[in-house]
Amino acid sequence: MHPADRRTALLTLLLACAGASLGALLSLLIRWQLAFPGRPLPLLGALLYPDHHGAVAASSYPALFTLHGTVMIYFAVTPALSALGLVRLPPMVGLHRPAHPFLHRAALALYALGFSLLLLGLLSPFGAPAFGWTASAPLSTARSPGAGATLWLLAVACSGLGALLGSFDILSTLVVARKVAWSRLPLSAYGHLFASALNALFLPILLGALALLFSDRHLGTAHFTHPLRQGGDPLVYQHLFWIFGHPEVYILILPVWGALSDSLARAVDRPPALARAVVAAMAAVTLLSSLVYGHHLLTAGLSPLLVEGFMALTLLISLPSTAFVASWVATLHGASLRPDAAASYSLAAVAIFVLGGLTGVPLALVSTDRYLHDSAFVVGHFHLVMAATVLLGLLAMSQDALPRLGIRAPSFAVSRAHAWATALGALGVFLPMLRLGLGGAPRRLYDPSLYRYLSPLLSWQRAATAAAALLVTAQLLWLLAWWRGRR
Amino acid sequence: MPPDLSSEGHRIDALLRVSLGLTAALAAFFLLSLAWLVYRARKRASDAAPSSSAPSAYAFGLGLAVLVFGLIDLALAAGSRRAAVGPPPPDALRVEVLAQQWAWRFRYAGPDDRFGTADDVTTLNDLRLPVGRAVSMQVRSLDTSHGFFIPMLRARADTYPGRTARTWFRTAREGRGELACTVLCGDAHYQMRGEVAVLSNEQYAQWMNGLMEDQRRAAAAAPGSAPAWGWSWLP
Ligand SMILES: [Cu+2]
């Protein structure tokens, strides 16, 4: 690998690890507060909340989950995928370097700048942004004074612009510079191709929405305020955000799908079964992902025709998804499996992905979403896919990527333990969330114990918190695996 | 799920049970198959047995799986349509709701059955309803978006500033419930809690008469002090 690309990839991965560590720490603070509302945090309490007897302050709770979501999506998974694409993609298409390596260097600079701006925002007079990672207006405009919120906007714009530049590099490498026929590309390459296409199409919409938010905050406009008083409409922001926000899910999962297929195939030493159906399914999912964003607005009072149309399109996604699952099953069928670390992570990811995907069905149905919308069930569902599956997929990808960066290959025994500890830990955190949502628990509540009907569910909160502590601790196994790795 | 005080909620609950049951069955089937396949494939590797594959069977299996999942989707979509509630009946009890940081205000039309008149009855974070009645609600927000959610009545309406959200349900059983805000609306979002009670018709009438009496007295003592946020009911 070219030393300059190697440096870019290593630094981007380091930044992603820093982001993921911060995001994990924030999730532990959130989990502690939900399981033990108002009780002092162990270890960190006196440091973080000296004026509040060491307990999480109500006024800081929204900032915790805002930062958790922002950091995990824009400053952990996004840069990690970008770096892993930079390392893994060129050899797949017969090249030593990507078409425009400077684009990935620029992306790294933007991620680093964005991350710094986000952290700077925590020090601002009115404190951290506290409007959720979706930054719904007018909560994120008129109702969020202070520099922290503006710095959040700029930080996310930096990450979005970085990801956009990275996707241009991936697209030009794959479409223009490629030295291998389309039919001989591995599924990982197709995963990056479709994800980059979605990036190129939909990140500009995010950037546009952020620019309009900025203008509402600082230039006196009223795009997203009040239709009767100032002429703008908050619902327009919801449309703009989710037109990007839904494809974003597939931007993060498509490269993972491809990598899971490839690493399972490598472990059984034959090509992935039904590979052409998988590519067709990736294309179908890419198309559908841009048509289903309305399921985030099923309860927003859109016309019934629109709502049912979005439900039908959302349910349609289950059909191409079946092709991925069928391919994984067929790849393993009749094969002889010599599992390596990548295969262990991939098997764990496949098992969790199927659970996570299936729990999307009750959310897609208009009638049951009427009950489940904005509940802990939603949080459990998308974390199974976006957190657990994507994390395991990134770990699978890093098995061949990190040795290329000059890092020793990890110990297989420890990696396997890490894969299963991560999978079980994730189930321990996110399955209780599904149960909480069925009990009617809304997401984003600082203190659920204020609600009579939620108090019987406290033990589920505690179970999720205990599992979260285990899940985070289990990540030390990852470090151990690389440390114990052979040269 | 919390107890259901409405007459239509059981349709949502039933669909939820069916879709979750299918989800659990499909997940269990897949996970068991995966475990079996991995076990077989590892055994083959340790026995050094030749591997086999059957591409045409895989294609057939994929087609079958897509067909089965397609039928499940169709059935669930049809179930969702059947569980949909449709428009509220014309004789429904009408209640206006104003959401604001961080409270719920309720407005009943009073004896003249018209909103925005002097005999309107208003309450704060306290919604009481008669049993056996269809209840139609229109929800507006004063400041930022809020989520009106009564789990025990399976009722939800997300509200955006400048728009009117609607929901309706029919009360079937007496009991107490709670109202929660489900859309993040600021630091005290979690405190946006309301009491909900479904009362017998006598208790409801007694409560309503008491409120009207209080309000008449308050108006006589300080004319013009009644909260003036109502709107004329939208068709
Ligand atoms: Cu609210």
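Predicted model: local features only at pLDDT ≥ 70, side-chain atom pairs only at ≥ 80, totals over all residues.
Local features need pLDDT of at least 70, side-chain atom pairs count only at pLDDT 80 or more, and totals for chains, interfaces and linings use all residues. Residues are numbered from 1 along each chain as its sequence is written, chains are lettered from A and ligands numbered from 1 in the order in which they are written, and side-chain values use heavy atoms, without hydrogens and water.

Chain B is assigned domain 1 (9-85) and domain 2 (93-221). These bounds come from an automatic or database domain assignment. The centres of the two domains of chain B, taken over C-alpha atoms, are 44 Å apart.

The copper ion has four protein donors: B:His146 (ND1), B:Cys181 (SG), B:Cys185 (SG) and B:Met192 (SD). They lie 2.1 to 2.5 Å from the ion. Donors are N, O and S atoms within 2.8 Å of the metal (3.2 Å for Na, K and Ca); water is not among the atoms, so sites may look incomplete. The arrangement is tetrahedral because the four donor atoms subtend angles of 92 to 126 degrees. Four donors count as tetrahedral if all angles lie between 85 and 135 degrees. In sequence, the donor residues follow the spacing H-x34-C-x3-C-x6-M. B:Cys185 is buried, at 0% relative accessible area. B:Met192 is also buried, at 0%. Here, buried means under 20% relative accessible area, exposed over 50%, and partly exposed in between (1.4 Å probe, protein chains only).

Two cis peptide bonds are described here. One joins A:Ala137 and A:Pro138, with omega about 0 degrees. A:Pro138 sits in the loop between helix H4 (101-121) and helix H5 (147-177) of chain A. Helices (H or I, at least four residues) and strands (E, at least two) are DSSP runs, numbered from the N terminus. Another cis bond links B:Gln101 to B:Trp102, with omega about -5 degrees. B:Trp102 lies in the loop between strand E1 (93-100) and strand E2 (103-108) of chain B. B:Asp113 is not a glycine, but its phi is positive, about 60 degrees. B:Asp113 is partly exposed, at 46% relative accessible area.

Side chains of opposite charge can pair when their charged atoms come close. Over all chains, the structure holds 19 salt bridges. A salt bridge is a side-chain nitrogen of Lys or Arg within 4 Å of a carboxyl oxygen of Asp or Glu. One of them pairs A:Asp233 with B:Arg163 (2.4 Å, N to O). This pair crosses between chains, from the loop between helix H6 (187-218) and helix H7 (234-268) of chain A to the loop between strand E7 (155-159) and strand E8 (165-170) of chain B. A:Asp233 is buried, at 13% relative accessible area, whereas B:Arg163 is partly exposed, at 33%. Salt bridges also link A:Arg452, B:Arg176, B:Glu178, B:Arg193 and B:Glu195 in a network.

A nonpolar surface patch of about 640 Å² is formed by B:Phe60, B:Leu64, B:Leu67, B:Val68, B:Leu71 and B:Leu74. Patches are made of residues with over 30% relative accessible area and no salt bridge; like charges are joined within 9 Å, and nonpolar side chains (Val, Leu, Ile, Met, Phe, Trp, Tyr) within 5 Å. Accessible areas come from the Shrake-Rupley method with a 1.4 Å probe; for residues, only the protein chains shown count as cover. B:Leu71 belongs to helix H2 (residues 55-83) of chain B. B:Leu71 is exposed, at 52% relative accessible area.

Definitions and conventions. Tetrahedral: all angles 85-135°; square planar, octahedral: opposite > 155°, others 65-115°.
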